[in-house]
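Hello,

Here is the structure I promised to hand over. Please have a look at it first; my notes follow below.

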Amino acid sequence: MFQNNKTSTSDPCTGRLLEFFEICINQLLYLNKIYPNGVFTKKQKYGVPINSCDHPLLRDYVKKCLLTAQDLLKNGELSKLVVVFISQDGKPLRRICFDLERVQLQAAMCKDNLTRLELQLRDALLRLSVCDRQLPPIPEGCTFKILLETSEDSYLKMCQSCSTKAQYEFLWVQSKERSHENYLVPISSVECANCDFQIFAQEEKKDSDMLSTSDFPNIEAGGSTVLSDVSEEY
């Protein structure tokens with residue numbers, strides 16, 4: 001599981017959220033059969049059965065994405081974290097979006113609220129673990145990407161940070177407006193103090209046009225200019 005001494009000690013809320021995102025990413029890969037079941041290990045978190053892929057390349061990829069997200073999240077500058085499933089012919093079929101616009105973690109969270117947060121994360125994980133019942137199966141042979149969305153100002157500030165620059169290894173591109181010719185499926189929401197976010201699936205229309213690699217991260221964010229992390233395809 002995601003571990004970082006800085007977040008696990010001085011900022012337990014950020015640490016819990018990053019660990020939750022890692023668990024959800026692994027669970028989504030299992031539910032959508034991106035890899036054979038045999039590469040996943042059965043574990044438990046919050047008393048909920050989960051599936052964790054221990055392949056070193058995948059673990060490293062997810063960890064790098066979450067390290068990039070860490071400072072943005074702490075500063076309230078991470079708009080979305082998105083897991084995109086892509087067909088063999090390059091079409092994005094489904095996006096699982098963690099809408100983090102309302103997450104503001106600058107203020108410390110009290111112990112009672114941390115307990116409430118864990119209970120709500122448990123409920124969200126339970127709902128995510130059965131979201132495949134709400135959605136049509138995706139075809140075999142799909143790949144996936146993790147995308148991060150932030151504002152242009154936050155991206156520039158992040159690039160100027162000498163202490164963290166080495167973490168940002170991925171290509172970032174300016175997002176374009178997306179068509180509304182898709183539909184949303186709510187999955188869950190978390191509402192706890194200054195940590196409110198929603199999880200939903202964004203289903204693409206089956207007759208959508210082929211998208212190039214630079215088009216994959218195009219996720220609308222209220223008309224604002226955003227940049228999305230275009231990471232390797234797995």
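Let me start with the surface. The protein chain exposes about 11,500 Å². Carbon and sulfur atoms supply 49% of that area. Please keep in mind that this is a predicted model.

Next, the overall layout. The protein chain has 234 residues, and 53% of them are buried. Its secondary structure comes to five helices and nine strands. Along the sequence, the order is α-α-β-β-α-β-β-α-β-α-β-β-β-β. I also looked at contacts between residues at least 6 apart in sequence. Of these, 76% join residues at least 24 apart.

Now to one strand, β3. Strand β3 covers residues 80–86, and seven of its seven residues are buried.

With β4, the pairing is antiparallel and runs over seven bridges. Within it, F85 has R94 of β4 as its bridge partner. β3 and β4 form a hairpin, with five residues between them. G90 sits in the turn and has a positive phi of about 90 degrees. With strand β5 (residues 143–151), β3 again pairs in the antiparallel sense, over seven bridges. There, I86 stands opposite T143 of β5.

Then the aromatic rings. How many aromatic pairs are there? The count comes to seven. One of them is F20 with F98, which is edge-to-face. Their ring centres are 6.4 Å apart, and the planes make an angle of 85 degrees. F20 lies in helix α2 (residues 12–31) and F98 in strand β4 (residues 92–99), so this pair ties together parts that are 78 residues apart in sequence. Are these two residues buried or exposed? Both F20 and F98 are buried.

F98 also pairs with F21, again edge-to-face. Here the figures are 5.4 Å centre to centre and 65 degrees between the planes. F21 lies in helix α2 and F98 in strand β4, so the pair ties together parts that are 77 residues apart in sequence. F21 is buried, as is F98. F20, F21 and F98 belong to one aromatic cluster together with F197.

One last item concerns a charge and a ring. K45 lies over the face of Y46, at 5.3 Å from the ring centre.

Best wishes

Key:
Residues are numbered from 1 along each chain as its sequence is written. This is a predicted model: local features need pLDDT of at least 70, side-chain atom pairs count only at pLDDT 80 or more; totals for chains, interfaces and linings use all residues. Side-chain values use heavy atoms; hydrogens and water are left out. Rings of Phe, Tyr and Trp (its six-membered ring) pair if their centres lie within 6.5 Å; planes under 30 degrees apart count as stacked, over 60 as edge-to-face and the rest as tilted. Helices (H or I, at least four residues) and strands (E, at least two) are DSSP runs, numbered from the N terminus. Buried means under 20% relative accessible area, exposed over 50%, partly exposed in between (1.4 Å probe, protein chains only). A charge sits over a ring if NZ of Lys or CZ of Arg is within 6 Å of the ring centre and within 35 degrees of the ring normal. Contact means heavy atoms within 4.5 Å. Accessible areas come from the Shrake-Rupley method with a 1.4 Å probe; for residues, only the protein chains shown count as cover. Two strands pair if DSSP finds at least two bridges between them.
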